[in-house]
Amino acid sequence: MAILLFLVVLPGTASADGFDELYSARTIVTGQGEKNRETGFRDCLDHVLVRVSGNQRLTHRPEMKALRERAGTFVRSFSYRDRLAGRPIHDEQGTYDRPHDLTCLYDPMIIDELLTSLGSRPWRDARPSLAVFLDVQRGDSLYSVSPDDPRDAAMRESFALGAEPMAMRVSFPSSADVDAWAAGPGAPELARAAKAAGAELALVGKLIWSDADLGWTGTWRLAAAGKEEYVWTVRGVNFDEAFRVAVRGAAQILSGNGSP
């Protein structure tokens, strides 16, 4: 740990190389104290293993318990960003109580070896961009999320934030592209609409508010080239979690790790 303390990277000094970005992870911690840092290291280890492999099931492996206990030893360098930067400290709040983004960078060789020990492998293929065809229904209101309607800004931002931990990108098709697909709802039309939206693959979703579940029910469909169509569902969650489930499921499929 003493060695790690000398390796702290100041904000903005991390390499911009895409490989470094892939072998990195971020989590939120309360302050910069050692106890919270160790918790953050454990979270970041989970995140980076899933990010690099695309396999969301890795964190449930029994071997992870022992790896988390020494999570800090796998970190090459780390940095903090104060999430309340520019805001004055409250009367009863010290700097150690403020929320921070903790970013950890890892040596690719070390992470790859950990993946091998878990029976997995790195997903080195280029991450395909996804065009999200998303219908939202709440009561009598039904609409498709568009790339420019202010009404949809929160959902667009949330989906992008949900894609970042998996090193993936999402975009939303225009109303014209959605209508063109709806007029002939087949795989070729969907592929053309996704390409028109500047993406490589189409992720089709339906988000329905459920009073009974006190949350959203999200159903997702993805058909990658040469693969069957996969369908997965999540229930009773906020839309942030529904979108995270969507991206993790897509990554699970595209990385060759099976169904979500």
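**Close-up A. Aromatic pairs in the predicted model.** Across the whole structure, a search finds nine aromatic pairs, where rings of Phe, Tyr and Trp (its six-membered ring) pair if their centres lie within 6.5 Å, with planes under 30 degrees apart counted as stacked, over 60 as edge-to-face and the rest as tilted. Phenylalanine 159 and phenylalanine 243 are stacked, because their ring centres are 4.4 Å apart and their planes meet at 20 degrees. Since phenylalanine 159 belongs to helix H6 and phenylalanine 243 to helix H9, the pair ties together parts that are 84 residues apart in sequence; helices (H or I, at least four residues) and strands (E, at least two) are DSSP runs, numbered from the N terminus. This is a predicted model, in which local features need pLDDT of at least 70 and side-chain atom pairs count only at pLDDT 80 or more, while totals for chains, interfaces and linings use all residues. Residues are numbered from 1 along each chain as its sequence is written, and side-chain values use heavy atoms, with hydrogens and water left out.

**Close-up B. The two phenylalanines of helix H9.** Phenylalanine 239 and phenylalanine 243 both lie in helix H9, four residues apart, about one turn of the helix, and they form a tilted pair with 5.6 Å centre to centre and 40 degrees between the planes. Phenylalanine 243 is buried at 0% relative accessibility, whereas phenylalanine 239 is partly exposed at 22% (buried means under 20% relative accessible area, exposed over 50%, partly exposed in between, with a 1.4 Å probe and protein chains only).

**Close-up C. The largest nonpolar core.** This core, a set of buried Ala, Val, Leu, Ile, Met, Phe, Trp, Tyr and Cys residues joined through side-chain atoms within 4.5 Å, has 33 residues, and those with the most contacts inside it are Leu134, Phe159, Met168 and Trp220. Among the elements that each supply at least two of its residues are strand E4 (130-138), helix H6 (153-163) and helix H9 (239-254), and the largest share, nine residues, comes from H9.

**Close-up D. Surroundings of histidine 100.** Histidine 100 is found in strand E3 (residues 99-106) and counts as buried at 4% relative accessibility. Its side chain makes a polar contact of 3.3 Å with the side chain of glutamine 32 (a pair of N or O atoms within 3.5 Å; within protein, one must be able to donate a hydrogen and the other to accept it, and residues adjacent in sequence count only if both atoms are side-chain atoms). A polar atom of the histidine 100 side chain also lies 2.8 Å from the backbone oxygen of arginine 98.
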